Amino acid sequence: MILAVADAGPIIHLDEIDALALLSVVDELLIPQTVYQELEAGMVPPALETIEYELVESDTTDLGVELDPGETAALAVASERAAVLLTDDLAARDAANDRDVEVHGSIGILVLASTRGELEKSAAAELMRALQTETSLFVTDAVVEHGISLLDES
């Protein structure tokens, strides 16, 4: 079973390529209230209504990281609940790794969706390329190619 906590990045980036529904490949998705408020400040993607998730509170007092509030809240919940952190932010990834929290981003969600039979490998590879070319996410060619190689291994 995969318990995951998302910050705003994967929600926004997967929505930008019309793939937000793929977040449902995790067995249980938690979204901290702080992250939801960040989404509300812009616009909560309508597709989020199609996904089952739980809004949760977070305690960031003892975390000691310098991230934005949503990433800090997501990392706090992931640490507290031994969950996977879903983030596309490099600093949040580093902070998660420092705390032995498993971390994946939007590309990891696409790999998981393919592994679980929710997405053909070719469609997952196309979506990875779309993350790079059609979204606000900065992704290098090397990261996309690594993601595609993970599809081939699964």
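Visitor: From which domains does the lining of the largest pocket draw at least three residues each?

Guide: From domain 1 (3–105) and domain 2 (107–153). This is a predicted model: local features need pLDDT of at least 70, side-chain atom pairs count only at pLDDT 80 or more, and totals for chains, interfaces and linings use all residues. Residues are numbered from 1 along each chain as its sequence is written, and side-chain values use heavy atoms, with hydrogens and water left out.

Visitor: What makes a space a pocket and a residue part of its lining?

Guide: The search runs on a 1 Å grid over the protein atoms alone. A pocket is an open set of points with protein on both sides within 12 Å along at least five of seven lines. Lining residues have an atom within 4 Å of a point. The largest pocket has a volume of about 580 Å³. Its lining has 25 residues, and the closest to the centre are Arg93, His104, Gly105, Ile107 and Val143.

Visitor: Which helix gives the most to the lining of the largest pocket?

Guide: H5, with 6 residues. Among the other elements giving two or more are helix H4 (90–98) and helix H7 (141–153). Helices here are DSSP runs (H or I, at least four residues), numbered from the N terminus.

Visitor: How do the residues of that lining divide into nonpolar, polar and charged?

Guide: Into 16 nonpolar, 6 polar and 3 charged. Ala, Val, Leu, Ile, Met, Phe, Trp, Tyr, Cys and Pro count as nonpolar, Asp, Glu, Lys and Arg as charged, and the others, Gly among them, as polar.

Visitor: Why are H5 and H6 called roughly antiparallel?

Guide: Angles run from 0 to 180 degrees between N-to-C directions, with axes fitted to C-alpha atoms over the stretch in contact. Under 35 degrees counts as roughly parallel, over 145 as roughly antiparallel, 65 to 115 as roughly perpendicular and the rest as oblique. The axes of H5 (residues 106–115) and H6 (residues 121–134) cross at roughly 170 degrees. H5 and H6 are therefore roughly antiparallel.

Visitor: What makes H1 oblique to H2?

Guide: The axes of H1 (residues 8–16) and H2 (residues 33–41) cross at roughly 40 degrees. That makes H1 oblique to H2. Ala8, Ile11 and Ile12 of H1 meet Val35, Glu38 and Leu39 of H2. Contact means heavy atoms within 4.5 Å.

Visitor: How many residues of domain 1 are in contact with domain 2?

Guide: 15 residues of domain 1, with 15 residues of domain 2. The bounds come from an automatic or database domain assignment. The C-alpha centres of the two domains lie 19 Å apart.

Note on methods:
1 Å grid on protein atoms, 1.4 Å probe; cavity = no way out; pocket = protein on both sides within 12 Å on 5 of 7 lines; lining within 4 Å. Points joined across faces, edges and corners; volume = space filled by probe spheres on them.
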